[in-house]
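Here is a short briefing to read alongside the structure. Take a moment with the view below, and then we will walk through it together.

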Amino acid sequence: MTWAPDTEALAARAAAGDQAALDQLLREIWPETVRRCGRFLLFREDAEEAAQDVLLQVARHIHRFEGRSRFSTWLYTVVANCARQKYRELKRRAGETPLSAEVTGRADPRTTSVIAGSRVDLLEALERLERDSPHLVEPLVYRDICQMEYAEIVERMGIPLGTVKSRLHHARRQVRPWLAENS
């Protein structure tokens with residue numbers, strides 16, 4: 001993620017309980033957080049809602065950030081989890097409200113965005129991968145969606161580089177045919 005030079009220091013101060021630092025940190029990370037959530041979600045409003053969820057999680061759990069890794073690395077996990085949760089919520093909402101299109105005469109783009117596009121196909125594949133091989137999801141999300149460097153992934157996951165690369169290879173091999181089914 002692209003940060004101002006003092007973001008790490010702000011995060012450390014916020015984690016120590018400095019409310020002013022937390023407020024400033026949340027303002028600074030907002031644009032990049034929306035952009036990162038947009039890598040998961042097709043519809044801008046959905047990405048913004050997920051980004052709001054990210055900021056809420058950061059505000060609630062910043063005290064858990066211990067500074068052993070970079071703040072951006074810690075935040076990647078929050079972004080990925082919130083964006084994927086928003087996708088699940090939209091998918092569930094789309095399944096629960098099939099009558100809305102019949103009543104209004106047009107489909108709700110907020111729920112139909114869950115059904116269209118390659119990012120959604122990838123999210124579906126991630127859901128399937130999580131059911132079949134949950135240990136393969138994190139490396140795939142971090143590397144292919146969040147575009148983290150291998151060193152950051154190793155740092156975040158606390159496993160050797162070879163294990164990260166192996167899991168990533170296996171995840172890609174598993175997901176590839178599922179994505180091909182949807183194209």
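This is a predicted model: local features need pLDDT of at least 70, side-chain atom pairs count only at pLDDT 80 or more; totals for chains, interfaces and linings use all residues.

Is Thr33 buried or exposed? Its relative accessible area is 0%, under the 20% cut-off, so Thr33 is buried.

**Around Thr33**
- Setting aside neighbours within four places in sequence, Thr33 is in contact with Ala51, Val54, Leu75 and Val79.

**Helices α2 and α3**
- Helix α3 spans residues 44-61, and α2 packs against α3 at an angle of about 145°, with the two axes 8 Å apart.
- The crossing of α2 past α3 is right-handed.

**Helices α8 and α9**
- Helix α8 (residues 137-145) and helix α9 (residues 150-157) pack at an angle of about 145°, and their axes are 10 Å apart.
- Here, too, you will find a right-handed crossing, with α8 passing α9.
- On the α8 side, the contact is made by Glu138, Pro139, Tyr142 and Arg143.
- On the α9 side, the contact is made by Tyr150, Ile153, Arg156 and Met157.
- By class, the contact of α8 with α9 has five nonpolar residues, three charged ones and no polar ones.

**Helix α1 and what follows**
- Which residues of helix α1 (residues 7-15) are buried? They are Thr7, Leu10, Ala11 and Ala14.
- Viewed down the axis of α1, these buried residues fall within an arc of 100°, so they line one face of the helix.
- Just after α1 comes Gly17, which takes a positive phi of about 105°.

**The whole protein**
- The protein has ten helices and zero strands.
- Of its 183 residues, 41% count as buried.
- Among contacts in the protein with a separation of 6 or more, 66% come from residues 24 or more positions apart.
- The accessible surface of the protein comes to about 9700 Å², and carbon and sulfur atoms account for 51% of that surface.

Definitions and conventions. Residues are numbered from 1 along each chain as its sequence is written. Side-chain values use heavy atoms; hydrogens and water are left out. Axes are lines fitted to C-alpha atoms, for helices over the stretch in contact, and angles run from 0 to 180 degrees between N-to-C directions. Helices (H or I, at least four residues) and strands (E, at least two) are DSSP runs, numbered from the N terminus. A crossing is left-handed if the near helix is turned anticlockwise from the far one by less than a right angle, and right-handed if clockwise. Contact means heavy atoms within 4.5 Å. Ala, Val, Leu, Ile, Met, Phe, Trp, Tyr, Cys and Pro count as nonpolar, Asp, Glu, Lys and Arg as charged, and the others, Gly among them, as polar. Buried means under 20% relative accessible area, exposed over 50%, partly exposed in between (1.4 Å probe, protein chains only). Accessible areas come from the Shrake-Rupley method with a 1.4 Å probe; for residues, only the protein chains shown count as cover. The arc is that of the directions from the helix axis to the C-beta atoms.
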